[in-house]
Amino acid sequence: MYQLPLARHYLEQQSLVLHEYVRFGLFPQNINLLMVVGLLFGDATLAQLFCTLPLFVMALGLMGVSQHFSGQWLWGAITGLLLFILQPVRETLGYAYVDNGLALFCFAASLALACWYEKHRQSQGFGWVLISAILAGTAAGSKLFGGVFVALLGIYLVFSSRDIKTVLWFSLLTLITGVGWYLRSFIISGDPVHPAGGPYFGYFLWDAVDLASQYGEQKTFGVTRNLLYLPLSLWTAGVVLWVLAFVSLCLTKVPRLIRMLQVIFILYFLFWFYVSQVDRYLSPIYGVGMALSAYTLSRGYYFLEQYLQFLRVFKRPAVMVLSGGLTLLLFVSGVFYQYRDRDIIAAIERRVDYLFNYGDREKYNNRPGVQLFLAADKHINQYGSRLMQLGFENAVYFFSGVTIGDWYGVGRYRDRVNCNNQGCTPLSPKAMKQQLKSFNSKMLVISTHRYPKFNPDTYESEFDIVTRDEHGVLFVLKN
């Protein structure tokens, strides 16, 4: 979507210049800068790898947490593997999303604050607050939901510490490390959380209809906002494994570290449940949810160990390594079983091919819209570097100029389509021509899949067809 085009824009401009035609050009963008580094030292493949690596770091962190509270890393290894089969993780693995980086910083901030909570009556515990604040600020500077998560951490700190000095230091460091992107947004648009703050600070790139449409779309995800449906929400979001995390809430004699993680987990989950049940928006508690699941597994094991003597053999290092290997085997077998009705080998090959060949634009031109965008790219010298598009927002990266068109923002689709109960169709040729002129563009791409009632031949009075395929048509204005 807009992530790689935004990163490329910063790299080309060599500064943080506003890109007004991407969907969230003023959101916090720490992880986007990581993508910039990937593009700087490599290509889209490296940028996407940088977005995937945080998950592996989190898996190692889960092993450390497990070792800390149970004396065995095996439970963390198991949940670290299970992390990769959560639906929101599985669907974004290998792609340029900011959510995995956000998940890492939120997990790290939570663990640091949990370490403070474990030692806050000791003088050495204060350092963990400072570390947590820096990590929390980084999370807040990665995505708006990171800011929400940090606010919950701050609220927890206020009630658990009852120490104004601790709260002030946490707030100050979080503000210093996290406020930059919000300040930039406020200076440019007058809204520190643009576009979300439009009703309060005024609208800029988005208008009221855009924002209402976005909120309406968010409400279509998940289940009814009623606590009776909370168990079902785990299923629809693809995080059924977190049943183990919820079980941990019922356990007694829980370590202070785990108790703190439980509070943060349930607070953010309830926020997600009532505000937006998009599965990716659970990323701030990926790590916490899996850590609590690991704790439940370890408690279950120790409970059974009291009655089944043979389980004590699993404490031996050699047996633990063997158990870890068997767990990995079961994990792989479970994935194959889950996709038993599909060609999983072909699916894996497609995902690997996407990851390692995304930067090879010529090789990857079989995706919808890509061939049309590549064709437009070859006509930049003749028709300019601005392209208007309808229906191909996921192929924007494959045009090296400026692409105008998305569901929301300055290039919103609704300004260029006529809609009724039977669907939407692009504007008349003359009206579309005026749209292009208003954006100083001479090229137009329209998806015939998104707008099946559109007849490209009706545009022949104002446009020439450069090329077409099964996905859409590339037009240029007549001289």
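Helices here are DSSP runs of at least four residues and strands are runs of at least two, both numbered from the N terminus. Counted that way, the chain comes out with 21 helices and 7 strands. Keep in mind that this is a predicted model.

**Overall picture**

- Take the contacts between residues at least 6 apart in sequence: 66% of them join residues at least 24 apart.
- The chain exposes about 22,500 Å², and 62% of that comes from carbon and sulfur atoms.

**The cores**

- The largest nonpolar core brings together 79 residues, and Trp242 and Leu261 have the most contacts inside it.
- The top contributor to this core is helix H6, residues 99–119, which puts in 12 residues.
- Once neighbours within four places in sequence are set aside, Trp242 touches quite a list: Leu86, Leu234, Phe265, Phe269, Leu282, Ile285, Tyr286, Gly289, Met290 and Ser293.
- Another core, of 32 residues, lies apart from the largest one; Ala44, Phe373, Ala375 and Leu387 are among its members.

**Helix H19 and its cover**

- Helix H19 spans residues 370–377 and is mostly covered, with 7 of its 8 residues buried.
- The buried ones are Val370, Leu372, Phe373, Leu374, Ala375, Ala376 and Asp377.
- Two of these names, Phe373 and Ala375, also turn up in the 32-residue core.
- On the helix side, the cover over the buried residues of H19 includes H20 (380–383).
- Strands are part of that cover too, including E1 (386–390), E2 (402–404), E5 (443–447), E6 (463–468) and E7 (472–477).

**Ala47 in helix H3**

- Ala47 sits in helix H3, which runs over residues 44–70.
- Its relative accessible area is 0%, so Ala47 is buried, the cut-off being under 20%.
- Beyond its neighbours within four places in sequence, Ala47 is in contact with Leu4, Met35, Gly38 and Leu39.
- Leu4 is 43 residues away from Ala47 in sequence, yet the C-alpha to C-alpha distance is 8.1 Å.

**Cavities**

- The structure holds 2 cavities of 30 Å³ or more.
- For the second largest cavity, the volume is about 30 Å³.
- Its lining is made up of Glu20, Val22, Arg23, Phe24, Gly25, His194, Leu205, Trp206, Gly409 and Val410.
- By type, the lining of the second largest cavity splits into 5 nonpolar, 3 polar and 2 charged residues.

- His194, one of the residues lining the second largest cavity, is joined to Pro195 by a cis peptide bond with omega of about 10 degrees.
- Pro195 itself is in the loop between helix H10 (180–189) and helix H11 (198–201).
- Gln14 is not a glycine, but its phi is positive, at about 55 degrees.
- You'll find Gln14 in the loop between helix H1 (3–13) and helix H2 (30–41).
- Lys253 is another non-glycine residue with a positive phi, near 50 degrees.
- The loop between helix H14 (243–248) and helix H15 (256–275) is where Lys253 is found.
- With 82% relative accessibility, Lys253 counts as exposed as well.

Key:
Residues are numbered from 1 along each chain as its sequence is written. This is a predicted model: local features need pLDDT of at least 70, side-chain atom pairs count only at pLDDT 80 or more; totals for chains, interfaces and linings use all residues. Side-chain values use heavy atoms; hydrogens and water are left out. Contact means heavy atoms within 4.5 Å. Accessible areas come from the Shrake-Rupley method with a 1.4 Å probe; for residues, only the protein chains shown count as cover. A nonpolar core is a set of buried Ala, Val, Leu, Ile, Met, Phe, Trp, Tyr and Cys residues joined through side-chain atoms within 4.5 Å. Buried means under 20% relative accessible area, exposed over 50%, partly exposed in between (1.4 Å probe, protein chains only). On a 1 Å grid over the protein atoms alone, a cavity is a set of points where a 1.4 Å probe fits but cannot get out, and a pocket is an open set with protein on both sides within 12 Å along at least five of seven lines; lining residues have an atom within 4 Å of a point. Grid points are joined across faces, edges and corners, and a volume is the space filled by probe spheres set on the points. Ala, Val, Leu, Ile, Met, Phe, Trp, Tyr, Cys and Pro count as nonpolar, Asp, Glu, Lys and Arg as charged, and the others, Gly among them, as polar.
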